[in-house]
Amino acid sequence: MSFARWALFCVPLILLLGFLSGRSVPAGDNSLWYQALAKPALTPPGWVFPLAWSALYIMLGLALAMIANARGAGLRGMAIGLFVAQFGLNLAWTPLFFGAHRINLAFITLITMLVLAIATTIVFSRIRPRAAWLMVPYLVWISFAAALTWRIGQLNPDAQALVPSARTSQVIG
């Protein structure tokens with residue numbers, strides 16, 4: 001399969017999975033719990049998050065497509081495995097943070113995701129350096145997200161009790 005075909009598969013897949021995760025529970029400005037939280041001064045306005053994540057998911061999809069297209073690369077399987085592992089944690093973060101209101105667990109998830117994303121980027125760099133460069137904005141963003149999550153946890157020690165946990169999906173409706 002050519003790079004274009006891989007990109008036409010990977011980019012929409014990553015966007016779709018990210019969208020489904022984001023809509024699995026009320027998130028951002030749609031979350032009464034999140035609205036009730038004390039947030040750090042550096043918290044971006046709510047409209048920034050869907051734009052940033054859309055751009056990041058496109059870059060992730062393109063990076064993954066480059067690696068998937070690297071037929072014969074010895075580290076290709078490891079690179080894809082690392083990508084899937086860190087992306088799985090990415091998808092789990094929204095339900096943990098916004099749905100279950102588990103700020104500490106969401107923070108640990110982000111740190112683990114960051115470590116795996118760094119490992120992914122390093123392995124990507126050995127296969128296709130451009131794929132690694134496409135990962136850099138994602139690394140910066142999830143580092144920022146980890147700092148925000150940590151600070152929100154500090155500012156809201158009783159966060160889990162503010163509003164009942166979300167149990168309903170926002171995907172349909």
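Q: What is the bend at a residue?
A: The bend is the angle between two fitted axes, one for the seven residues ending at that residue and one for the seven starting there. This is a predicted model, in which local features need pLDDT of at least 70, side-chain atom pairs count only at pLDDT 80 or more, and totals for chains, interfaces and linings use all residues. Residues are numbered from 1 along each chain as its sequence is written, and side-chain values use heavy atoms, with hydrogens and water left out. Helices are DSSP runs (H or I, at least four residues), numbered from the N terminus. Helix α6 bends by about 25 degrees at methionine 135, and proline 137 follows within four residues.

Q: At which angle do the axes of α4 and α6 cross?
A: Axes are lines fitted to C-alpha atoms, for helices over the stretch in contact, with angles from 0 to 180 degrees between N-to-C directions. The axes of α4 (residues 76-99) and α6 (residues 129-155) cross at roughly 35 degrees and come within 13 Å.

Q: Which residues of α4 and α6 meet?
A: Contact means heavy atoms within 4.5 Å. From α4, Phe83, Gln86, Asn90, Trp93 and Phe97 meet Met135, Tyr138, Thr149 and Ile152 of α6.

Q: Is threonine 94 buried or exposed?
A: Buried means under 20% relative accessible area, exposed over 50%, and partly exposed in between (1.4 Å probe, protein chains only). Threonine 94 lies in α4 and counts as buried because its relative accessibility is 12%.

Q: Which helices do the buried residues of α5 pack against?
A: They pack against α2 (32-36), α3 (48-68), α4 and α6. Among these buried residues are Leu110, Met113 and Phe124.

How values were computed:
Helix = DSSP H or I, 4+ residues; strand = E, 2+ residues; numbered from the N terminus.
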